[in-house]
Amino acid sequence: MKVKWLLDSLGHDYRWVETDVMAGATRSPDFLARNPAGQVPAVVLDDGRTLAQSNAIIGFFGEGTPWLPTDPWARAKVYEWLFWEQYSHEPYIAVARFQRALLGKPADEIEPRLMERGRAALERMEAALTAAEWLVGDGPTLADLALVAYTRTAPDGGFDLAPFPAIRAWIGRVEAAFGIG
Ligand SMILES: N[C@@H](CCC(=O)N[C@@H](CS)C(=O)NCC(=O)O)C(=O)O
């Protein structure tokens with residue numbers, strides 16, 4: 001969805017190919033020929049080149065926009081959040097959501113570590129967003145776009161956002177900035 005929101009906000013023309021992960025569509029020979037990692041999202045450019053990994057894709061399309069700063073320090077801070085999202089946020093918050101909402105696992109079958117680490121990620125974000133309105137600098141960046149994706153759906157994985165008022169207010173700001181419905 002990060003990719004879709006960015007392309008929509010930038011007014012890019014694209015064709016969305018629905019890919020049924022649960023039915024194994026990302027493991028078909030055709031898909032693997034495009035992305036040997038066997039994962040969505042993956043984009044195929046007009047010239048046939050393929051790019052995978054959500055944060056690489058938004059980095060590519062975000063180039064030249066205000067959402068990817070040119071200042072080396074600000075840009076590095078954006079990447080700091082993007083890498084953190086992949087290693088310390090998504091593996092807990094998105095995985096708990098996948099298990100609860102898509103596999104239908106009951107709460108007591110979710111590994112406690114997922115919930116502990118997911119809450120720790122939310123606590124880190126709450127502290128950052130209590131100190132500042134945006135994750136990097138004084139306006140929205142790809143860091144906010146990348147982090148809002150699974151943060152806004154964290155309740156689907158059993159994470160209560162009530163104790164995180166700064167995150168809740170930030171979600172509204174990011175949705176407004178990127179036109180996320
Ligand atoms: N780090 C990757 C994660 C991509 C990923 O895990 N995609 C999952 C769906 S959310 C997938 O395609 N799984 C299919 C599979 O592994 O066969 C990203 O941010 O793009």
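Me: In which hand does H4 pass H5?
Reply: Left-handed: that is how H4 crosses H5. Keep in mind that this is a predicted model.

Me: What angle do the axes of H4 and H5 make where they cross, and how should I read it?
Reply: The general idea: two packed helices are described by the angle between their axes and the distance between the axes. Here, the axes of H4 (residues 72–102) and H5 (residues 112–131) come within 8 Å and cross at roughly 125 degrees. H4 and H5 are therefore oblique to each other.

Me: Which residues of H4 and H5 meet?
Reply: From H4 you have Ser 88, His 89, Tyr 92, Ile 93, Val 95 and Ala 96, and they meet Leu 114, Met 115, Arg 117, Gly 118 and Ala 121 of H5. Sorted by class, that contact has seven nonpolar, three polar and one charged residues.

Me: And at what angle do the axes of H1 and H3 cross?
Reply: Read that pair the same way. The axes of H1 (residues 2–10) and H3 (residues 54–62) cross at roughly 10 degrees and come within 9 Å. Angles under 35 degrees count as roughly parallel, which makes H1 roughly parallel to H3. In H1, Lys 2, Val 3, Leu 6, Leu 7 and Leu 10 meet Ser 54, Ile 57, Ile 58, Phe 61 and Gly 62 in H3.

Me: What surrounds the ligand?
Reply: The residues around the ligand include Val 21, Arg 27, Pro 41, Ser 54 and Gln 86. By class, the shell has three nonpolar, six polar and one charged residues.

Key: Residues numbered from 1 in each chain as written. Predicted model: local features only at pLDDT ≥ 70, side-chain atom pairs only at ≥ 80, totals over all residues. Near = placed C-beta within 6 Å. Nonpolar A, V, L, I, M, F, W, Y, C, P; charged D, E, K, R; others polar. Axes fitted to C-alpha atoms, helices over the stretch in contact; angles between N-to-C directions. Helix = DSSP H or I, 4+ residues; strand = E, 2+ residues; numbered from the N terminus. Parallel < 35°, antiparallel > 145°, perpendicular 65-115°, else oblique. Left-handed = near helix turned anticlockwise from the far one by under 90°. Contact = placed C-beta atoms within 7 Å.
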